[in-house]
Amino acid sequence: MKTSAPLRHFAVAVLILVGAGEARAASSDIPQPVTSHPRLWITTNDLSRLRSWATPTNRVYQALRPVLTSTLNNYNTQYFPGGVQNTAWPDLGDSQGYTGLITEEDAFVLALFSLIHSNATQRAVYAQQAANLIRVAMTEAAKGTLAGAPFRDTGFATYNRANASLETMPLAVDWIYNALGTNGQPVLSAADKLAIRNGFITWAEQCRHAETAGGDSPPPDVVNDPSRLCPNHAAYRMAANNYYLGHSRMLTLMSLAVDPVDDPPLNPSLPVSAPTNSLRSYISIATGAWLFQEYAMFGEGAQVAADYGLPGYGTNFGCANAGMPPEGMLYGHAFGFLLSQLLALQTAGFGDASLVGPQGKLIGAPMWDRFCDAWLSALMPAPTVIETYLPLKYQFMGYGDILRLYMTPDFSAMYSLLMMLDQNTGVTNRISKNRWFAVQAPEGGYNNLLNRISVPWGNAEINQGSVLYFLTLDPATLAPPADPRPALPMLFYDASQSTLVGQSDWTTNRSMLHWRCSWNTINHQNADGGMFQFFRKGAFLTKEYSGYDAYGYGQSSWLHNTLALQNHCPAGTPQNLQWFETPLWETGSQWMLGEDTGDPQTYASGGANYVFSYGDLTPLYNRPSPYTPANAALDILHASRSLLWLKPDHIIIYDRATSQTAGLFKRFNLCLPATPTPVGGGSLLTETLPGGQQLFINTLSPTNGVASVNPLTNVISSVAEGEPCNYRLTIEDTNNPTNIRFLHVLQGADAGKTADTAAHLLSTSGIAFEGASVRGVAVMFPVNVLSNNFTNLGYTASSGDTNHYVAGLRPNASYAVTVQTNSGSMQVTVAPGLGVTADNAGLLSFDSAGKALNTFVPRWLSAQWVGSGVQLTGLGSPFLPYQVLATTNLNAPNWTVLGTATADAGGGLQFLSPPPITSTERFYRLAR
């Protein structure tokens, strides 16, 4: 039954105002926009197309058939040998799912073929077989939670099996829900459907109270209440955890799989919509609590704050909305969990924000564009050999807990799901990116596609990737997809987590830089604030030491190319350290899981020839203990890192570290594939890779720095497959001063090349700055963070320094630069005034004449009508904001400011202009 728009809007207003104590007063109606089956992921509208693809001429379909053959073999020999249910069910029904068969995966495959097979009788056979499998598992689950019992254990729906495969159970149920068997009778009886309903409620309750990773569920029975779901007017960060996203997906799919007639209220005296009184009532929980918190993490910060009635708190939201996975690349596939949930909402008719509230905007959120670009940017230029017996694989800039430094086949699923979501919402701008990633990025690329479909990857028969390939790849257009990466900007920046990946160019011999300085609150994040990795001409010259450590040392900062700073505690060693914190304390690490004093302060910028990043890491190194102050570790007064990459080969790093107590070590760490060796007895070290490439490491400060090299053998419990690093270089002043500055110049070079001379620069007047001159470039950093109190700077550089960079200034402020050349040197002065404008990260760049580098005139490139106005596309300087102005008369222009457009990392500008009201034409321009 359709509802008028005003009534629907009124219902949303009531829903949003409902608090925990008022939830049972909600309307007794639960919307059911789509009443037919299938309605999860695919709908009845898709069936004719999918059946037309299920033919012998479709190579993808033929590659999928071995998966069906394997499933049928499981069914006929292990589940129902001789047509009789096996009393020793071959599925353990456990919460891990690492051994034995997986009932829901086999039911999923049979359910799919019950929809797509060309023969109606055979479709009925598959539907009946799927129903038989489902019946066994759901009959057990319907008995309720019981520790250790198959399909009923307290963690069955919330632990590793659930994340890997359990979503396929509600999908299989939906796909055969109204199917008829070969006898013309429903394959699922009313009793079966009631058992399924009750089993799903058992699992839904496990999800609703989940504590798998600690806090991976919202407060029970709280919906659409920002005061409870957004603590302290901020996003709940655990909503980006892989377990949280898995629970949310399960709640959503289960609540949408069963029809109202088969879902009577558990308590007849209460409305069917009362929370937890029916399976369908969980959709209000899934969208009003789980999706509510997910939108706060992945939506646009200011928009979320406005939608939740919290204007002015935009910076507290969207903490994971810029594309990179907070938990790193191993758990990054959890984006697929979120996409599965959103796709199910869309196909079941809940994509309408009037039904689910503003959190429904996550379906079409801008984050999904950035998600595509993030993963594409993080891949190495070309696939490489990891194991000689395996196909070529794309490595990536990895971080977080990680087992493999390359794309595994399961990553394809999230891009296939995004393709399906885009197809359902009419989005077309990222089709080529999604298709390339799904088809070309996993091992073996397009040439290994059919094998990946036929032989699903993983230990537990995870068939989703194979099925999704069939659902998304049109046989009429199946061909090797073109690489979309050369059309991307050469700098991708995830501002929400201060993570960037820069490219020197888009050739296969390019250099790449990865920087990360994120908040550190949830599982699988490592103590890696200020971490950087450098890849050049097919090999890492330096990177973090990646792994999945069971003892905590692998997460510590000393293995992540950042500073290790010893702290001090009044109690000596804090007496309330958790098991994983002891290694952090011992190694001078940053803290993890929100045990620090807050988030780092970060900036980043980029130009044609450089990438710059800055992070104030101080909060990450300190650990409060408010209830037992003697256990607090708060001695680090300051820790920060400034990094400037001069493309393609030079990286200048300036680190500041200050402690309150003397005698505490402060160490610069660098993980390397090969042993660095001294050159000429000075401060220069050289790493030479087996292929001949070199990394020169020049320590300019401290001048009395002591270098030590330690092997990385047996340092952590599980090293990532493909990890190239074997050594850790440490630079320190063994006198352990309270205040130290590290200045390093790193240079990548080909075999046989010598290091460029790096000169140490110090300011000669004004505020204290320190820096380096190398290969015609002078770089200066403030010795102490300026806090916008800059007065002036003077320094002497070589007359051969044609490019100059001064960091630490006020973002977007203007400075007067004068340069005087005399006898082979130049005296440079910088002071506030008209002249050169610093970029958005406070980096000033100018040439030897004092003129701005990278001067760029912003311009519009195109304008086209869209449904709601005029879509403008242009170019500007990366990250800079521009005013968008318009007039209807160029002869006598009256320019009106329409709004602001901020250039992305590649300088791209987008602005949606409202249509002109009183004129048939309008002119636009950009201004700063």
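Let's start with aspartate 528: it is buried, at 4% relative accessible area. Buried means under 20%, exposed over 50%, partly exposed in between, with a 1.4 Å probe and protein chains only.

A word on the model. It is predicted: local features need pLDDT of at least 70, side-chain atom pairs count only at 80 or more, and totals for chains, interfaces and linings use all residues. Residues are numbered from 1 along each chain as its sequence is written, and side-chain values use heavy atoms, leaving out hydrogens and water.

Confidence next. The protein chain averages a pLDDT of 92, the predictor's per-residue confidence from 0 to 100. At least 70 is reached by 94% of the residues. Residues 1-28 fall below 50. That stretch still has 33 contacts in the model beyond near neighbours in sequence. Contact means heavy atoms within 4.5 Å.

Back to aspartate 528. What does it touch, leaving aside neighbours within four places in sequence? Tyr399, Arg516, Glu544, His560 and Gln590.

Now the cores. A nonpolar core is a set of buried Ala, Val, Leu, Ile, Met, Phe, Trp, Tyr and Cys residues joined through side-chain atoms within 4.5 Å. The largest has 164 residues. Phe200, Trp203, Phe371 and Trp375 touch the most other members. A second, separate core has 36 residues, including Cys517, Phe534, Leu541 and Leu643.

Last, tryptophan 375. Beyond four places in sequence, its contacts include Gly323, Pro325, Met329, Phe335, Met407 and Phe437.
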